[in-house]
Amino acid sequence: MTESNPKTISKSINPKKEDVRIGLYICNCGINIAGVLQMDDMIEFGKTLPNVTLCKQYKFYCSDNGQAEIAKDIKDGLVNRVVVAACSPRMHEPTFRRVLKENGLNPFYFAQANIREHATWVNMYDHEGAQRIAKDHIRMQVAKVRKLKALETIKVKVKPSTLIIGAGIAGMNSALDLADQGFEVFLVERELTIGGHMAQLDKTFPTMDCSSCILTPKMVDVSRNPNIHIMAYSEVEQVDGYVGNFEVKIKHKAHYVDQNKCTGCGACIDSCPVICGNSFDLNMSSRKAIYIPFPQAVPGQFTIDIDHCIKCGNCALPNICEPGAIIYDEEDHYSTIKVGTIIVSTGYDQIDPTNLKNYGYGVYENVITGLEMERNLSSTGPNLGKPVCPSNGKPPHSIAWLQCVGSRDNREGYHPYCSRVCCMYAIKQARQYKEKHPEAECYIFYMDIRAFGKGYEEFYESSSHNFGIKYMRGRLAEIYQNPDKTLLIRGEDTFLSRPIALTVDLVVLSTGVEARTDAAHVASMLGIQQSSDGFFMEAHPKLRPIDSLTAGIFMAGVAQGPKDIPDAVSQAKGAASGAAILMAKGEVEVDPYYAVVQPNLCSGCRSCINLCPYSAISFDDNQNVAYINPIMCHGCGTCVASCPSNAIYQNHFTGDQLMIMITDVLGGIN
Amino acid sequence: MEKITPNIIFNISNVISDEVIKDEALKIMRACFQCGTCTGSCPSGRRTAIRTRQIMREAVLSLDEVLSDEDIWLCSTCYTCYERCPRNIPVTDVIIKLRNLATQRGFIKPAHQKITQILADTGHGVPLGLKNNSDENQWSKSRESYGLSKIPPTTHSHPKAVLDIQKLMKLTHFDKLVKIELKSTNEEIK
Amino acid sequence: MSKKDGTDEFEPFILGIFCNWCTYTGADQAGTSRMQRPANLRIMRVMCSGRVESRFIIEALKRGADGVLIGACHIGDCHYVSGNHKTVRRMPLIKEFVKQYGFNPKRVRLEHISASEGAELTEISKEFVKELKEIGPNPRNKK
Ligand SMILES: Cc1cc2nc3c(=O)[nH]c(=O)nc-3n(C[C@H](O)[C@H](O)[C@H](O)COP(=O)(O)OP(=O)(O)OC[C@H]3O[C@@H](n4cnc5c(N)ncnc54)[C@H](O)[C@@H]3O)c2cc1C
Ligand code: SF4
Ligand code: SF4
């Protein structure tokens with residue numbers, strides 16, 4: 001399954017039992033810890049613990065000075081094991097392990113007691129309680145460190161290739177950056193074309209450049225780049241392996257048109273008798289059953305929408321499709337690729353406002369969503385860039401935008417977060433309309449205008465100053481349709497403290513963005529997490545906003561959380577750089593937490609074999625014992641817990657090491 | 001009661017809001033972001049002076065006028081705002097709580113006082129018109145047509161139960177709270 | 001610890017054994033979000049809840065822990081595909097052991113708490129503390 005080799009899997013080089021000298025360093029973390037705990041008492045307590053030869057405190061042990069102090073104690077030979085009681089090991093374990101390593105101590109002789117996230121921050125007002133928990137956490141880690149063994153990290157090779165899932169503006173930018181550095185990129189896109197939502201937009205705030213004019217050249221760059229394999233109309237089916245060596249199964253959906261033969265001439269369009277909704281225009285326009293999503297689509301070959309196709313055979317006639325590309329009975333096919341890194345850039349879905357009955361979306365013709373307005377404003381859209389009221393086909397005289405539809409709404413089914421783009425796109429759309437119809441009335445009903453980006457506040461200011469857009473502070477309460485299909489909107493002008501009722505021709509619901517409906521599926525396939533808002537979760541909200549918790553997997557664009565194009569592009573470049581660092585180095589160090597069968601204890605019962613999710617355990621028929629391949633083992637420890645002979649141990653999480661934590665901490669309370 | 005209507009806000013405190021949020025379910029009141037959905041939804045506010053959003057603001061800042069002004073009494077408890085509030089604030093329940101606090105501080109309207117008096121006297125907030133012979137009442141005829149007893153099984157059929165109600169009022173000091181007379185003698189109530 | 005009013009309020013000792021990827025991270029999130037919970041929960045980390053051996057739990061109870069809370073990913077979200085599934089399967093047997101050792105099986109809980117569910121962890125710990133106070137102290141701690 002893998003070509004990588006563990007460079008070194010060393011045997012334990014334990015210091016002799018009597019020689020364990022633990023340095024216990026209790027961090028103040030400014031006032032985060034010292035503001036809650038009685039530090040002097042903590043130090044006194046620390047000194048009483050077995051094998052602790054010195055116990056100290058300092059403002060910030062993660063700082064240079066803090067690290068230097070630990071380094072000095074190690075170099076001076078005062079300590080040979082280190083416990084730092086501070087923040088979560090998920091934050092600084094690597095930092096302190098480096099200190100040990102740089103000073104000649106095995107980095108696995110380190111343990112970190114979490115007394116911040118798990119004590120002082122969750123018991124901020126119960127100081128005694130926090131003290132109690134902090135002491136117990138220290139007791140456990142001091143116990144553990146006494147039993148720890150020296151280990152060597154495993155080094156695995158990283159394949160110089162990346163899988164990018166989702167080819168919106170984020171995925172495309174990551175792809176180009178990696179390809180330009182010489183890495184191979186597999187760009188998997190579910191839809192027929194790359195481009196994502198940006199292809200549907202007309203202009204972009206705050207510069208008002210035309211979205212397609214900046215997007216289409218990028219799409220062409222992607223398609224021309226020899227290092228990028230575009231896999232459109234495809235989906236990732238399965239992901240196995242680990243950082244450096246992922247094995248990915250991809251499903252390629254049938255196009256019913258041979259993509260190699262189709263020249264994209266378009267002669268088939270006229271021959272097709274079927275007319276159906278054009279999903280690229282959110283079904284506001286129609287297309288044929290054989291189609292490309294829009295003229296600049298990449299790749300530009302045709303596809304048959306098989307759900308609508310009646311198989312009349314017209315397009316297959318030799319005088320219509322000269323290359324003979326039509327294959328009505330084509331089937332989905334699959335391929336497998338091997339990559340070293342993965343970037344997830346699956347973007348977002350627009351929030352569906354149908355269930356907000358008081359706004360009547362889907363019932364009143366003249367209530368539309370932001371994305372529908374975007375298509376309406378687009379010169380390639382259903383109305384060729386001239387928005388009209390769906391009810392009568394006439395340009396509206398008055399339009400109201402309603403902000404925060406489905407966002408900043410704590411009710412079931414909606415989202416507490418801010419979608420970050422709706423304020424700006426509403427201003428943009430209103431301004432676009434006013435440019436063409438200066439006499440029109442444009443109202444934006446808002447609670448807060450969030451114009452936080454570069455040039456955004458100026459854009460907002462100009463929209464009322466130069467274009468006369470009226471900002472109404474208040475969230476609309478309800479919308480009713482008048483007999484002539486105009487709309488009565490009710491709300492409050494909160495500045496005037498007066499209820500208002502206005503009649504307008506068109507209402508645009510500024511619907512926000514939400515995680516893709518299949519985000520949970522994608523997350524579990526990749527073994528990454530979702531935050532409570534449904535978007536993919538970053539390893540650290542501030543310091544590692546682009547990494548997932550799983551090594552080698554990065555994320556970019558709205559898939560990680562709401563953002564606009566400039567932010568999506570920046571993050572995409574960050575993700576590309578994260579992946580490139582691993583691939584340029586060519587190898588990564590992996591914690592050696594693999595499990596080991598001790599052949600002298602193994603009874604050959606085979607209980608463990610089927611438990612391993614990675615098939616890492618094989619059976620040696622000659623010796624009649626189980627064997628675990630350390631490279632295939634991911635280090636969950638499930639087999640360890642199940643072995644009836646206690647023959648398996650897991651590095652760094654051995655039975656002794658965990659047991660002594662339990663016995664010591666409980667010895668403490670009695 | 002004296003009405004307090006300062007034009008300048010001199011004092012912001014937690015006195016009122018702390019009392020409201022003693023009920024854990026109302027604590028989210030403090031998250032009101034003044035969007036105005038409640039006011040815009042309020043069928044009463046279209047005709048009267050009640051500005052639901054403003055009541056929430058005054059309550060959060062603990063401005064005394066929220067209890068002394070009559071706005072809180074103009075809510076019809078239709079619960080429309082409650083359903084639509086994007087911050088999931090039980091707006092109507094907050095208003096009811098404010099009414100309780102207002103009453104405790106003596107800001108009760110004569111009409112409401114009258115209703116509580118009627119409640120104490122008859123056991124009904126809105127008693128049935130029993131003055132005429134019950135046989136003549138239109139409502140008792142309808143009741144009979146549905147196979148129900150002429151008079152409903154409330155204090156109207158059990159006049160003695162009024163004493164129990166008064167006993168409860170006495171025990172809970174409700175009579176003092178709303179400043180009404182309990183007509184039965186102490187002996188009777190005991 | 002007896003209180004002024006004479007009621008015997010004791011502070012239950014809860015040992016949390018949390019998987020690295022979901023519940024431990026969720027506990028970190030509870031911390032960063034400053035979600036307050038009663039000071040009863042001690043947390044130790046394993047890579048996967050599948051690593052939890054029955055003897056850890058029995059040993060903890062034998063030595064006087066009032067409750068043991070095992071934290072795992074939600075089913076389907078295990079970082080190691082299905083380790084948590086195996087933990088779920090082991091629970092009935094573990095509870096049986098616990099009973100045979102003479103402990104109330106309610107002292108042992110398996111909860112699925114994801115990396116973003118600090119709030120759930122906080123609620124669960126509050127509730128568990130309450131429940132353990134009702135059950136009373138570990139019988140081995142009675143002098
Ligand atoms: C109405 C509206 C107007 C806007 N106007 C502006 C503006 O003027 N300026 C601005 O800066 N921002 C604007 N935005 C925001 C902008 O749309 C986003 O910032 C940007 O499109 C995000 O790009 P992305 O690549 O992250 O996601 P997307 O554009 O959503 O791309 C994701 C891609 O991944 C694909 N995909 C999804 N799931 C899978 C899967 N499982 N497998 C394979 N492929 C998958 C999708 O098909 C899609 O192609 C607007 C947003 C809206 C809703
Ligand atoms: S610890 Fe055991 S079960 Fe888990 S991956 Fe390694 S060999 Fe497989
Ligand atoms: S609807 Fe809710 S959040 Fe909005 S003003 Fe009323 S109470 Fe506040």
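The following legends describe close-up views of two ligands in a predicted model.

**View 1. The surroundings of ligand 1.** In this predicted model, ligand 1 is surrounded by 36 residues. The closest of them are A:Glu189, A:His197, A:Tyr348, A:Lys428 and A:Lys563. By class, the shell around ligand 1 holds 16 nonpolar, 10 polar and 10 charged residues.

**View 2. Polar atoms facing ligand 1.** The side chain of A:Glu189 places an N or O atom 2.5 Å from an oxygen atom of ligand 1. A:Lys563 also approaches the ligand, here through a polar backbone atom that lies 2.8 Å from an oxygen atom of ligand 1. At A:Asp518, a polar side-chain atom is 3.3 Å from a nitrogen atom of ligand 1. Ligand 1 taken alone exposes 1000 Å², and the protein buries 98% of that area.

**View 3. Helices and a strand around ligand 1.** Five elements of chain A, namely helix H6 (169-180), strand S8 (203-204), helix H9 (370-377), helix H10 (422-436) and helix H13 (565-585), each supply at least two residues of the shell around ligand 1. The largest share, 3 residues, comes from H9(A).

**View 4. The surroundings of ligand 2.** Ligand 2 is surrounded by residues that include the cysteines A:Cys612, A:Cys633, A:Cys636 and A:Cys639. Also in this shell are A:Ala595, A:Tyr614, A:Ile617, A:Ile628, A:His634, A:Gly635 and A:Gly637. By class, the shell around ligand 2 has 8 nonpolar and 3 polar residues, and no charged residues.

Notes
Residues are numbered from 1 along each chain as its sequence is written. Chains are lettered from A and ligands numbered from 1 in the order in which they are written. This is a predicted model: local features need pLDDT of at least 70, side-chain atom pairs count only at pLDDT 80 or more; totals for chains, interfaces and linings use all residues. Side-chain values use heavy atoms; hydrogens and water are left out. A residue is near a molecule or strand if one of its heavy atoms lies within 4 Å of it. A polar contact is a pair of N or O atoms within 3.5 Å; within protein, one must be able to donate a hydrogen and the other to accept it, and residues adjacent in sequence count only if both atoms are side-chain atoms. Accessible areas come from the Shrake-Rupley method with a 1.4 Å probe; for residues, only the protein chains shown count as cover. Helices (H or I, at least four residues) and strands (E, at least two) are DSSP runs, numbered from the N terminus. Ala, Val, Leu, Ile, Met, Phe, Trp, Tyr, Cys and Pro count as nonpolar, Asp, Glu, Lys and Arg as charged, and the others, Gly among them, as polar.
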